[in-house]
Amino acid sequence: MRSSGRNSNRNHRGAGNSRDDRQKRAGRPRPEERRYDVGSGGGPDKPGRPGGPGKSAKPGGAKGQGRRQGQGQSQEGRQGQAPGGASRGGPRSGAGTGGPKGPRTGPGQGGKGGARGRSVPARPREYDAQIEERNRARHAKPALKLPKTFGEAEGERLQKVLARAGMGSRRACEELIDQRRVEVNGEIVVEQGLRVDPEKDEIKVDGLTIATQSYLFFALNKPAGVVSSMEDPEGRQCLGDYVTNRETRLFHVGRLDTETEGLILLTNHGELAHRLTHPRYGVAKTYLAAIQGPIPRDLGKRLKDGVKLEDGYARADNFKVVENTGKNYLVEVTLHEGRKHIVRRMLAEAGFPVDKLVRTRFGPIALGDQKSGWLRRLTNTEVGMLMREVDL
C-alpha cells in the first residue's frame, strides 16, 4: 500500500518532474536551491554555509549513507532520513531552507559517504595578508619628485667644503678666498658665499686640487728627532717626509715635541681634527714616561689634584707605575689637555724630570706594536670610534 501510494503521487505530479524527483531521491538539491560557498568551514567552530553554522549530520555519520548501501534497501534508507524523523515530503535540514545545519562528518566516519561530507579547508590568514600586500604594491604610486622652491640655492658653500677638506677652519677658508687663492673650474673666486657641487666642480687652492669627499686617516709612530710639522724651513726631518707620495694633502692632529716619540694622527678631515684637539671635547691622551726614583706613594695623588705651572694648573686624569727596576721607573700618565710639553712640565714640577716620553694612545686609537717610523691606515672601525668620540 505504501509503494502504490508513492507511485500514484509520482504519476499525479506528471512526467515533467521526474528529474526533480531523481535529484531529491539522490539527496542533491535542485539547481535553484544549491549554494556555492568558497572556503567555508564545516566544523562546530567554523562558519558553515549561509544557511547555518554547518550541515546536519545524518544517521550513519555521512550524507546519503543509506543511498550507498545497495539497491535492496528501502526507499526511506536511500533518502537518508534526517535526525528527528523528518519525512520525505518535509523540509530538509540545511538544504536551501536557511535553517541551522549540523556539523559535517569527517572522512572515515561514514564509509564512502564521508568523502562527500569533508569540509573545505579555510584559507590561512597569512595567505590573505600576502595577497593584500601584493595588491597594494601593484597599485602603489611612486613618490612624486616635486620641483625645488623658486630661489632656493643649490650646492654647498665653498668655505664649508674647504674646511671639510682640511684647509683649516671656515674663517681661515674665508681668508683664503679673500686672498684669491681659491679657484673653481679654472676661475678664481673673488666673493664669499659661492655654492659649489663637490662631486662635479674642480676646486683648487694655490693650484692644488683638494680632496672634497675622500677622507684619509693614518696613524704614525713618530720617531724621536722628527719635527711635528708637514714642512720644515730648516730642512730637518718632519712628518711630511712620511707622506710625500700621497696625492691628497694631509695634516697632523695635534703635536708632539721633537724628542717625544709615539702615536700621532694624520688626516684630511678638517672638522674631525679640529674636534680631536679642542679642549671642549676632552679627548684623552696616554703617555709612558721614564723617570728616576725613588718616587713617593702620593705622586699620583699630587698629579691628579693638580700641579701649578706658569700658565695655570695642570691635572692628570690617571697615573700608575708600570715598571720598576732599581731606581728606574716607567710610569703611565693620562690627561686630556694638549698644552705644550704638558707631561714633561708636570713631572718636572713634581721633582721627577722625564728621560724619555712616548705617547701610546690618542683617544680610542692605541699604538700597539706598531714599529717606530711606520705609517698605517686606520680601519673603518677605528675611524668610527674617533667620530663617536667627538660626536660626529
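## Chain overview

Of the 392 residues of the chain, 37% count as buried, where buried means under 20% relative accessible area, exposed over 50% and partly exposed in between, with a 1.4 Å probe and protein chains only. This is a predicted model, in which local features need pLDDT of at least 70, side-chain atom pairs count only at pLDDT 80 or more, and totals for chains, interfaces and linings use all residues. Residues are numbered from 1 along each chain as its sequence is written, and side-chain values use heavy atoms, with hydrogens and water left out.

The chain has 11 helices and 17 strands. Helices (H or I, at least four residues) and strands (E, at least two) are DSSP runs, numbered from the N terminus. Contacts in the chain with a separation of 6 or more are 61% between residues 24 or more positions apart; contact means heavy atoms within 4.5 Å.

## The largest pocket

Rolling a probe the size of a water molecule over the atoms shows where empty space is left. The search uses a 1 Å grid over the protein atoms alone. A cavity is a set of points where a 1.4 Å probe fits but cannot get out. A pocket is an open set with protein on both sides within 12 Å along at least five of seven lines. Lining residues have an atom within 4 Å of a point. Grid points are joined across faces, edges and corners, and a volume is the space filled by probe spheres set on the points.

The largest pocket has a volume of about 650 Å³. Its lining holds 27 residues. Nearest its centre lie Arg-255, Leu-256, Gly-338, Arg-339 and Lys-340. Four elements each supply at least two lining residues: α8 (270-277), β10 (285-292), α10 (342-349) and β15 (356-362). The lining divides into 10 nonpolar, 9 polar and 8 charged residues. Here Ala, Val, Leu, Ile, Met, Phe, Trp, Tyr, Cys and Pro count as nonpolar, Asp, Glu, Lys and Arg as charged, and the others, Gly among them, as polar.

## The second largest cavity

There are 3 cavities of 30 Å³ or more. The second largest cavity has a volume of about 40 Å³. Its lining includes Phe-217, Phe-218, Val-253, Thr-267 and Leu-386. Two or more lining residues come from each of β7 (217-222), β9 (261-267) and α8. The largest share, 3 residues, comes from β9. The lining of this cavity has 9 nonpolar residues, 1 polar and no charged.

Helix α8 also has a buried side. Gly-270, Leu-272, Ala-273, Arg-275 and Leu-276 are buried in α8. Their cover includes α6 (158-164), β7, β8 (251-253), β9, β15 and α11 (380-389).

## Strand β9 and Thr-267

Strand β9 is mostly covered, with 7 of its 7 residues buried. Two strands pair if DSSP finds at least two bridges between them. β7 and β9 run antiparallel, joined by 6 bridges. β8 and β9 are also antiparallel, over 3 bridges. β9 and β15 run parallel, with 2 bridges. Gly-262 stands opposite Arg-359 in β15, and His-252 stands opposite Leu-266 in β9.

Thr-267 lies in β9, where it is the bridge partner of Phe-217. Thr-267 counts as buried because its relative accessible area is 3%. Its side chain reaches the backbone oxygen of Leu-216 at 2.7 Å. Beyond its neighbours within four places in sequence, Thr-267 is in contact with Leu-216, Phe-217, Leu-250, Phe-251, Val-253 and Ala-273.

## Strand β14 and Thr-334

Strand β14 (residues 328-335) holds Thr-334. β14 is mostly covered, with 6 of its 8 residues buried. It runs antiparallel to β10, with 8 bridges. It also runs antiparallel to β13 (residues 318-325), with 7 bridges. β13 and β14 form a hairpin with 2 residues between them. Gly-326 in the turn has a positive phi of about 65 degrees.

Thr-334 counts as buried because its relative accessibility is 13%. Thr-286 is the bridge partner of Thr-334, and Asn-318 stands opposite Thr-334. The side chains of Thr-334 and Thr-286 make a polar contact at 3.3 Å. A polar contact is a pair of N or O atoms within 3.5 Å; within protein, one must be able to donate a hydrogen and the other to accept it, and residues adjacent in sequence count only if both atoms are side-chain atoms. Not counting residues up to four places away in sequence, Thr-334 touches Ala-284, Lys-285, Thr-286, Ala-316, Asp-317 and Asn-318.
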